[in-house]
Amino acid sequence: MKAEFLNREINTVSMKMEITAEEFDSAIDKVYKENRKRFTVPGFRKGKATRKMIENFYGADVFIEDAVSKIFNEKYPEALEEIGYEPVDYPDVDLSDQELKAGSGFTFNIKFLTEPEVTVLPGDYMGIEVSVPTTKVTEKDVNSQLRSYAMRNARLVTVDRPAEMMDTVVLDYKGFRPDGVQFEGGTAENHKLKLGSNEFVPGFEDQLVGVKAGEEKEIEVKFPFDYPEKSLADQVITFKCTIHEVKEEEPPEINDDLAKECSEFDTIDEWKEDIEKKLIENKKMQNQNNIKNEAMKEIYDEIIVDIPEVMIEHEIDELLRQFEEQLSYTGANLQMYLQETHTDIEEFREQIRYDAERKVKSRLIVQAIAKNEGIEVSEEELTEELRKMGVQYGVDAERMRDLVGNDIKYIKNDIASKKALDIIAANAVVNEIDYDQVEAQKSDQQKLEDKVAAALGGDQQ
């Protein structure tokens, strides 16, 4: 096989792939051996007739079409590697005006879309100025963490007042269908329900706010259309409730005793110091992502990329796949979501087009920066990435390498892209801003404008 690059017009590559007579005959012979049991030739049992006999009985071209497909699938990846281009969609293959027969070679004339060429210069991504939250940790931050630990160890105490959100209500309840018939599974006694936990159907817990011990309360809620029990789905259900107790969480005092119980330290001061260190480290780690994201926003707007429509459509497909996977964890699916939101699939695809286009363009820009920086991926880096991936599937790095097969090149691209983002972050001009202070200094008009912007969808970066 001989591959030859012909030309590139914008994002369309033209090439040809020459197949020799020997290669074609070999492919025909492989197809014959794979399929001979399918053919019946008088006087021979299935699978015993020679290739020549089958060709004489069924026609000389009986194996030609399959052989052409086989040799294309075998040789096309090699040809792409030889010319150094990667298609982003299925190729357009032209075999017209050629006689395809055993004993003769032929040429595949091929056109395909490839990724756009993205031109970046060091000045496009080096020294980007970004603003990120300060890594400074205040006493307020530390105390907030301590309060969280204390609340996790809170005890429930009975209170003589109306229930508030986040209180725990001890109640009996009975559920009734719209026809007044009590349904199975909708009854409980002395059930402890934390208001705001979203343990029950939406709207149920909200209606218990304000109840007191000894009261009875009738609650009506409409069950979701996708509720697992189909007989209750999309129905208005009545619950008759009897309230026994209202309890609130009473956290322990924040002192040395709490430190000993909830940490490895003996004193509250030692624990505070450790919390402060960890908060600073967490903020630094978060800021690494913030720096990369903010820098990419600046770079994104400066670089023009002519993206083939098919790349955007493929990314929309991938986003849809990921969204469906997330829905499956909740017991729902895409069709149910579309019905609930009164949206059809084409409308939904259009809604996520913006995100898809940004993802594709950002990926192309980062890949171009990696190429510009001459970033290479070492075997050790690749093995470590495969090891991490293998943990999810319970296999080692070598088995993971076998599983990914030819997709190994995409893993290498991802590693190179991460290294490119690290270079961008390392060379960024970083301004740490205390956002709490900035908010305090804003005028009332600015705060109002911010609220309006947030309500309308905020920044579209």
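**Helix contacts**

Author: Gladly. Let's start where Val366, Gln367, Ile369 and Ala370 of helix 11 meet Asn413, Ala416, Ser417, Ala420, Leu421 and Ile424 of helix 14; contact here means heavy atoms within 4.5 Å. This is a predicted model, in which local features need pLDDT of at least 70 and side-chain atom pairs count only at pLDDT 80 or more, while totals for chains, interfaces and linings use all residues. Residues are numbered from 1 along each chain as its sequence is written, and side-chain values use heavy atoms, with hydrogens and water left out.

Reader: Why is helix 11 called roughly perpendicular to helix 14?

Author: The two helices pack at an angle of about 80°, with their axes 8 Å apart. Axes are lines fitted to C-alpha atoms, for helices over the stretch in contact, and angles run from 0 to 180 degrees between N-to-C directions. The range for roughly perpendicular is 65 to 115 degrees (under 35 is roughly parallel, over 145 roughly antiparallel, the rest oblique). With about 80° between them, helix 11 is therefore roughly perpendicular to helix 14.

Reader: What classes of residue make the contact of helix 11 with helix 14?

Author: Seven are nonpolar, three are polar and none is charged. Ala, Val, Leu, Ile, Met, Phe, Trp, Tyr, Cys and Pro count as nonpolar, Asp, Glu, Lys and Arg as charged, and the others, Gly among them, as polar.

Reader: Why is Asp29 called partly exposed?

Author: Its relative accessible area is 26%. Buried means under 20%, exposed over 50% and partly exposed in between (1.4 Å probe, protein chains only), so at 26% Asp29 is partly exposed.

Reader: Which parts of the chain does the pair of Glu86 and Lys409 link?

Author: Glu86 forms a salt bridge with Lys409, with the closest N and O atoms 3.0 Å apart. Glu86 is in the loop between helix 3 and strand 3, and Lys409 is in helix 14, 323 residues apart. Glu86 is partly exposed at 32% relative accessibility, and Lys409 is partly exposed at 35%.

Author: Glu248 and Arg161 also meet in a salt bridge, at 2.8 Å, N to O. Glu248 lies in strand 10 and Arg161 in the loop between strand 6 and strand 7, 87 residues apart.

**Strands and a buried lysine**

Reader: Why are strand 1 and strand 3 said to stand at the edges?

Author: Four strands form an open sheet in the order 1-2-4-3, with antiparallel pairing. Strand 1 and strand 3 each have a single partner strand, so one side of each is left without a neighbour in the sheet. The twist averages 20° from one strand to the next.

Reader: How do you know that strand 2 and strand 4 pair?

Author: Two strands pair if DSSP finds at least two bridges between them, and strand 2 and strand 4 have eight, in the antiparallel sense. In this pairing, Met17 has Phe108 of strand 4 as its bridge partner. Helices (H or I, at least four residues) and strands (E, at least two) are DSSP runs, numbered from the N terminus.

Reader: What makes strand 7 largely enclosed?

Author: Seven of its nine residues are buried, so the rest of the structure largely encloses strand 7. Strand 7 runs antiparallel to strand 8, joined by seven bridges, and pairs with strand 10 over nine antiparallel bridges.

Terms used. A salt bridge is a side-chain nitrogen of Lys or Arg within 4 Å of a carboxyl oxygen of Asp or Glu.
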